[in-house]
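Reader: Please take me through some helices, a loop residue and a few charged pairs of this chain, with the reasoning spelled out.

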Amino acid sequence: MKTQLKKWLIGANKTVRDTLAQFEKNKKGILFVVDKEGRLLGSVTDGDIRRAILQGKSVRLSVRIVANPNPYSLRKKYQPLDTSTLQFLNDNNIMYVPIIDENRRIIDILSLHGQIPQKIQTNGQSKNNRVLVTGGAGYIGSVLVRLLLQRNYRVRVFDSLLYGDSSIRDLYGKKKFEHYIGDTRNIVSIREAMENIDTVVHLGEIVGDPACSLDREYTVSVNYGGTQNVLFTAKNMGIKRFIYTSSCSVYGFGEKKFHEESIPHPLSLYARTKLECERLILSDTIKNFYPTVLRLGTVFGWSFRPRFDLVANFFCLSAVNKKKIILQSGKQWRPFIHVQDVARAIIKTIETPISTLDREIFNVGVDSLNVQLNELGHIISQEFDGIPIETESTNDDKRSYQVDFSKIKKKLNFHSTITLKEGIQDLKSHLEKGEAKDILPFSSNLQVLLKEEKE
Ligand SMILES: NC(=O)c1ccc[n+]([C@@H]2O[C@H](COP(=O)([O-])OP(=O)(O)OC[C@H]3O[C@@H](n4cnc5c(N)ncnc54)[C@H](O)[C@@H]3O)[C@@H](O)[C@H]2O)c1
């Protein structure tokens, strides 16, 4: 490897402390995270490190936890950059771009200093950068909005704040951030929130099998009725991009790997509402409207609104509080994906040219994270000093599905980057610092809705 290039790179096995030391050598304020083969996995700026340290993250953590896993890069034979690309890079304060070969190995770093014409530098915002996120205060939404802000998007959250607003409160008053408190079932407030918006990411629903079973009528009114409103209003207002987060739980149960064309077998009301919404969204043939359905795997990892009703997070919490993990059978398959990777996949979809997205469904995840729950239990047990795993004889969980993720990799060039082990280590460090204590009462959708029903 050329010495020049070496100073731009930091190995994925390095810590935040190692990264600080490397910044001393590089003096450019940015490093690119690579695996052993030199393949690009992310970028990290001195600002990312400062923020992580201010948030109390340990300098012993892996650099990948603080890195941006989706940096802008160019392929080996890139064309000279056109004005709109330069505009985009300028808007996003990107001054150094790694050039990668067909295996994502970094072969050079392109410096944009002196390349951005004055006209562009003062041109203001690029197009398509105003994003409405329904459910933006939720588990996925609160991670997504921060990533969007980091990438210089204007972000508007629309949320009924079922689980409070502590996940986004620190964003109030920030430039480029707005929030509307509202319910998707109210078409007037949805309409107001969609003024001057280019892209809608629709996350705001009742989420999870237990929470959806609590009051079936309410669930259908929010998940189907609310989605219908959001969809109808977006089309009516001429918004072109519409991203709907469905779920791999629509596959239900099966022995073979499911791909996007497989016949779904939803086993719960939650999964059925997701499938019905997909059909509603994709059945529309109106011109100049480009909806995309993302079927997310089973999400895990720390968020600004942590959810401990998700299996991997729940096992980690149980490891801390009960010093054991309890499995039901353990043979069920799930396709895991870290919440940060979900946010990246959504952004990747927003940034993919509209002409290549043709009312499509993408499974979102990575094949290597199709894991049986007993394997998940073992990974977590190892991270928590070998705590015991107990297996119950009953099994209420009939879902089991492995999923094929080749389409999103091929068509959107999306690779999820955070492994189960890394995500669990990060979650563990948050739990051990006691960060979940105040928010635990809001961290299970079912428990919050149950409480509201009783009151
Ligand atoms: N977390 C997962 O494992 C997972 C997996 C697959 C798909 N998804 C999908 O991703 C999306 C987000 O999931 P999440 O895990 O962030 O859930 P979440 O429950 O943490 O967040 C949902 C957010 O939507 C808001 N909301 C609910 N009803 C609303 C309404 N009527 N109007 C406005 N806002 C409303 C809630 O207040 C909450 O902030 C959902 O559509 C879910 O089906 C999640």
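Author: This is a predicted model, in which local features need pLDDT of at least 70 and side-chain atom pairs count only at pLDDT 80 or more, while totals for chains, interfaces and linings use all residues. Residues are numbered from 1 along each chain as its sequence is written, and side-chain values use heavy atoms, with hydrogens and water left out.

Reader: Which elements do the buried residues of H10 pack against?

Author: Helices (H or I, at least four residues) and strands (E, at least two) are DSSP runs numbered from the N terminus, and buried means under 20% relative accessible area, exposed over 50% and partly exposed in between, with a 1.4 Å probe and protein chains only. Among the buried residues of H10 are Thr 219, Val 222, Asn 223 and Gly 226. Taking contact as heavy atoms within 4.5 Å, the buried residues of H10 pack against strand S7 (130-134), helix H8 (187-193), strand S10 (199-202), helix H9 (209-214), strand S11 (241-247) and helix H11 (269-283).

Reader: Is Ser 400 buried or exposed?

Author: Ser 400 lies in the loop between S18 and helix H15 (406-412), where the residues it touches, not counting those up to four places away in sequence, include Gly 252, Phe 253 and Lys 331. The side chain of Ser 400 also reaches the backbone nitrogen of Trp 333 at 2.9 Å. Because its relative accessible area is 8%, Ser 400 counts as buried.

Reader: Where in the chain is Asp 170, the salt-bridge partner of Arg 146?

Author: A salt bridge is a side-chain nitrogen of Lys or Arg within 4 Å of a carboxyl oxygen of Asp or Glu, and the closest N and O atoms of Arg 146 and Asp 170 are 2.6 Å apart. The pair links distant parts of the chain, 24 residues apart, with Arg 146 in helix H7 (residues 141-150) and Asp 170 in the loop between strand S8 (154-159) and strand S9 (177-181).

Reader: Which element holds Glu 360, and which holds Lys 407?

Author: Lys 407 forms a salt bridge with Glu 360, with the closest N and O atoms 3.2 Å apart. The pair ties together parts that are 47 residues apart in sequence, because Glu 360 lies in strand S16 (residues 360-364) and Lys 407 in helix H15.

How values were computed
Polar contact = N/O pair within 3.5 Å; in protein donor to acceptor, adjacent residues only side chain to side chain.
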